[in-house]
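Subject: Structure handover

Hello,

Here is the structure for your files.

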Amino acid sequence: MFGCLVAGRLVQTDPVQVASDKFVFNLPDYENVNHVVVFMLGTVPFPAGMGGAVYFSFPDPTSGGPVWQLLGFITNDKPSAIFRISGLKSGEGGAHPFGSLTASSVAQVGVSVESLEQLIQQTPVSGATVSTVDSFLQFTQKMLDSLFNFASSFAVTQAQMMPNPAETFIPSSCILKWYENFQRRMAQNPNFWKS
C-alpha cells in the first residue's frame, strides 16, 4: 500500500507491518539522508475517512531508544509527500502510535492509518515540511521589500548630493521599476527566474 524513497537509493515498497494499521520502513545510514518521500502505491486506497500519519524515528544518542516525531500525513487526495528529516535529529520526540518497538540502530519511517479527523488535529514537528511555491513567493516578496527599503534608506535629493567622482548613483526610480517588474513577473509565473 505504501512506498518510501530516499534520493540515490532503491524505492522501498515492503514495509514491516507492526500492527493491522501500522507500517514501518527502515532507513539505514540515516545520518546521510536529507529528505524522504512517502507515497501510496496506488494499488489500495485508504478506506473512506482515513489517511496515514507519517512518523520518523532515530536512535536517541543518550538512551539508545527510538525518538519518534510526526512529519505529516498522506491521504487519498494527497497520496505522496516529501519530508525534510535532516534537521530533525535533535529535539524532543512526541507520542507515537507504534507501541514499544525494539531499539534499533537505524532510523525508521512509520505510517499509521488513522481517521482524517485525528490527522487534522495533529501538529507535525516544525521544519519537516518541504518548502512550497507559496513559501518561496513569501520569501521573494520579503527579499524584494528588504532590498527596496535598504536602497531607499540611502536616498538623497539632487540638492543634497555631494560630488564624489568615485561613487556611482542609481536613481531610486530605477530600483522601484525593477521591484514592480519583478513582482509582476512572479505573479505571472513563480518559476520565471529558472529560464
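Predicted model: local features only at pLDDT ≥ 70, side-chain atom pairs only at ≥ 80, totals over all residues.

Residues are numbered from 1 along each chain as its sequence is written, and side-chain values use heavy atoms, with hydrogens and water left out.

Overall make-up

The chain has three helices and eight strands (DSSP runs numbered from the N terminus: helices are H or I of at least four residues, strands E of at least two). Read from the N terminus, the order is β-β-β-β-β-β-β-β-α-α-α. Of the 195 residues, 29% are buried (buried is under 20% relative accessible area, exposed over 50%, partly exposed in between, with a 1.4 Å probe and protein chains only). Among contacts (heavy atoms within 4.5 Å) with a separation of 6 or more, 71% join residues 24 or more positions apart. The accessible surface is about 12200 Å², and carbon and sulfur atoms hold 57% of that (Shrake-Rupley method, 1.4 Å probe; for residues, only the protein chains shown count as cover).

Core

The largest nonpolar core has 25 residues (a core is a set of buried Ala, Val, Leu, Ile, Met, Phe, Trp, Tyr and Cys residues joined through side-chain atoms within 4.5 Å). Phe2, Leu27, Val36, Phe56, Ile74 and Val109 touch the most other members. Strand 8 (107-115) is one of the strands that supply at least two residues each, and strand 8 gives the most, with four. Leaving out residues up to four places away in sequence, Val36 touches Cys4, Leu71, Phe83 and Val109, among others.

Cysteines

Zero disulfides were found in the whole structure (a disulfide is a pair of cysteine sulfur atoms within 2.5 Å). Cys4 counts as buried because its relative accessibility is 1%. Cys174, at 42%, counts as partly exposed.

Loop between helix 2 and helix 3

Phe154 lies in this loop and is exposed because its relative accessible area is 57%. Its C-alpha atom is 9.4 Å from that of Ser172, 18 residues apart along the chain. Met161 is also in the loop, between helix 2 (133-152) and helix 3 (172-188), and is partly exposed at 33%.

Regards
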